[in-house]
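Below is a short report on a two-chain model. The structure comes first, and the notes on it follow.

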Amino acid sequence: MVKLNLLLLAALVFCALSLVTSRHQARKLFVELEREQKLARTYDVEFGQLQLEQSTWAMPARIENIAREQLKMQLPRPGRIQVVDGGSR
Amino acid sequence: MIAMSATRAATTPKLPRLRAPLLFGMLLALFVLLAARSLYLQWIDNAFLQEQGSSRYSRDLEVPAHRGRILDRFGEPLAISTPVKAIWAWPEKVEATPGQLQALAVALELPPSALAAKLDANDDFVYLKRAVAPEVAAGIAALGIKGVHDDDEYRRYYPGGEVMSHILGFTGDRDVGQEGIELAQQAWLGGTPGGRRVIINRRGEVVEDVANIRSPREGRDLALSIDSRLQYLAYRELRAAVELNKAKAGGLVILDARTGEILALANLPSYNPNNRTRVARERMRNRALTDIFEPGSTLKPFTIAAALEAGKVQPSSVIDTAPGTLTIGKATIHDAHREGVLTVEQVVQKSSNVGAAQIALSLPPERMWSTLSGAGFGAPLKSGFPGEVSGRLRPAKSWRPIEQATMAYGHGISVNLVQLARAYTIFATDGELKPVTLFKEAGPVAGPPVLKAETARAVRHMLEMVVMPGGTAPKAQVPGYRVAGKTGTAHKLEGGTYINKFVASFVGFAPASNPRLIIAVMIDEPSGGQYYGGSVAAPVFSSVMGAALRLLGVPTDAPLSSILPPAEAAEVQEET
């Protein structure tokens, strides 16, 4: 009887300790998850800002301005356009 | 204790007999009281203590949700929300050295006097600055000024600025839509923040998720039918024309002739949605959808189509418009220039009011009404845009002959610009009225048939004659493409009478052999000397259409050399 009780006690202590460790593990992993999620949110924010930046740089008004002013590009006059037939379509 | 008093009893004088039980009873009662109280707190009145306890370790956190982006048809972002910080202060609690205040003013880009004024305010709460970039806010937090705090908020940015502002609208406080698509699609775009309960440790780190109070619902992205390249093009050309003609306002719509999608919708005057302080309400109106006007001669093709459908005339039937006037009852209709005998085709080409009125009067009112109504006039567009108006088409029973005659050339009926552009889908297709939409469609969309295919083709041919020499709008020609369209120059109504102010318009489509785009241009009160649709609106149509077809890579259907330089083309001034 005593033997059985001791065995049960040992099992109980073992269970209790493993509960404590797994609990600790879970918390540690959770903190890590939180940190990663926070990071993901910051990247998300950064992505939005970069998208905004990209579309601001890519505004047709700006591109046209650069093409005309810096690169001195212009539309060809009708007389200088030659249409190439799309071939045997 | 009891044992002690018992041993002492032998040596000391006898104590009162009841003392010991009494004390024992009292102490027992106190213990019972304590136990009862603790039981009470543990089982019955436990809310307060539990709350106090959990407030030491548990927190309810808000899970933020983004507002969805608005994209153009190719996925280019037109509106994006990014998190920013609102810097606020509790003036009474602010403790700062002059140096700190100086640094704060610099970081906020406020003059020190303005900052001091805000901090002197007699409020518990004052915003120092809103929509501050997160890096700037971090710098301010690093100053460590007591009583100065920051809050998370979202700010919406519109990279397109004034070019897109009328379609998109804008959001107000808390990123809630207030105008345009932002308002109309609030339910789709808006996110609902969620909440969760967590356990934190003494360092304030979250260590465990306890419960999900509410799942956040992220706002969804919305793809519009707008092509941002065409939109920019439309806005640029429209602005140039409005400035050149010193006009009060203007509108331009580009429709996809196959799907009815709105590819571009520009309005002037405009505003920059990123900086709306002191913008008049007036400038925010999306005139192409929320304002109606009398279309004038752009309505003539519908009269002709009704007559062709009814079998009253053929394209080559002859109408005598001499002497250039037509008297009905007390009213007289004028042609600005006498034309004499015209074919039905030429009535459209030269835009003769008398001719159109004669053709209209040969029709029963119901017949004409059903064609106009079939083309979508007088009925809501159902574009889903807030504040959209449907224009007015009175029931045929109430028409007097003079009204039927003036309606033939677009007076006594009102439309908005998008409605007018949509009506032309019946000529751009073989008689189908396409439903318009601001949202992207996957493929061609079928609409209800309104005209017989041969009627639509006959009118399309007449509309092509309009831009040819002898028509009212040679300036609408586009090199390399066959173009069809119709001018309009309408007197404006003010206080019930027609005044000498005009609305110049042009609606057309190209390539005429297989229409891809429909463009409607409207210039309100041009006052730069010119006011005819053929000279004010047609050039805008031509430049936008030419560039748009090139951008979309639409194959040419006419030789490039076919065009006449605009100055040499004979232009017929049209009626009003």
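## Confidence

Within chain B, the lowest confidence falls in helix α1 (residues 2-11) of chain B, with a mean of 54, and the highest in β17(B), at 93. The score here is pLDDT, the predictor's confidence in each residue on a scale from 0 to 100. Helices (H or I, at least four residues) and strands (E, at least two) are DSSP runs, numbered from the N terminus. This is a predicted model, in which local features need pLDDT of at least 70 and side-chain atom pairs count only at pLDDT 80 or more, while totals for chains, interfaces and linings use all residues. Residues are numbered from 1 along each chain as its sequence is written, and chains are lettered from A and ligands numbered from 1 in the order in which they are written.

Chain B has a mean pLDDT of 84, with 95% of its residues at 70 or more. Over residues 566-570 of chain B pLDDT stays under 50, and the model has seven contacts beyond four places in sequence for them. Two residues are in contact if their C-beta atoms, placed from the backbone, lie within 7 Å. Where pLDDT is low, the predicted coordinates should not be read in detail. The model scores are ipTM 0.74 and pTM 0.80.

## Chain A

Chain A contains two helices and zero strands. Its radius of gyration is 35 Å, well over the 12 Å that the globule rule gives for 89 residues, so chain A is more spread out than a compact globule. The radius is taken over C-alpha atoms, and the globule rule is 2.2 Å times the number of residues to the power 0.38.

The C-alpha trace of chain A spans about 110 × 40 × 15 Å along its principal axes. Of its 89 residues, 0% count as buried. A residue is buried if 20 or more other C-beta atoms, placed from the backbone, lie within 10 Å of its own, exposed if 12 or fewer, and partly exposed in between.

## Interface between the chains

In the interface, 18 residues of chain A are in contact with 19 residues of chain B. On the chain A side, α1 (2-57) and α2 (60-70) of chain A are the elements that give two or more residues. α1(A) gives the most, eleven residues. By type, this side of chain A divides into ten nonpolar, six polar and two charged residues. Ala, Val, Leu, Ile, Met, Phe, Trp, Tyr, Cys and Pro count as nonpolar, Asp, Glu, Lys and Arg as charged, and the others, Gly among them, as polar.

## Domains of chain B

Chain B is divided into domain 1 (62-222) and domain 2 (228-270 + 284-298 + 363-402 + 413-443 + 456-562), with bounds from an automatic or database domain assignment. Their C-alpha centres lie 42 Å apart.

Contacts join 16 residues of domain 1 of chain B to 14 residues of domain 2 of chain B. On the domain 1 side, α7 (165-168) and α8 (180-184) of chain B each supply at least two residues, and the largest share, four residues, comes from α8(B). That side divides into seven nonpolar, four polar and five charged residues.

## Strand β9 of chain B

Seven of the eight residues of strand β9 (residues 249-256) of chain B are buried. β9(B) pairs with strand β17 (residues 517-524) of chain B in the antiparallel sense over eight bridges; two strands pair if DSSP finds at least two bridges between them. Gly251(B) has Met522(B) as its bridge partner in β17(B).

Strand β10 (residues 262-268) of chain B runs antiparallel to β9(B), joined by six bridges. Here Leu265(B) in β10(B) is the bridge partner of Val253(B). The hairpin of β9(B) and β10(B) has five residues between the strands, and Gly260(B) takes a positive phi near 80 degrees.
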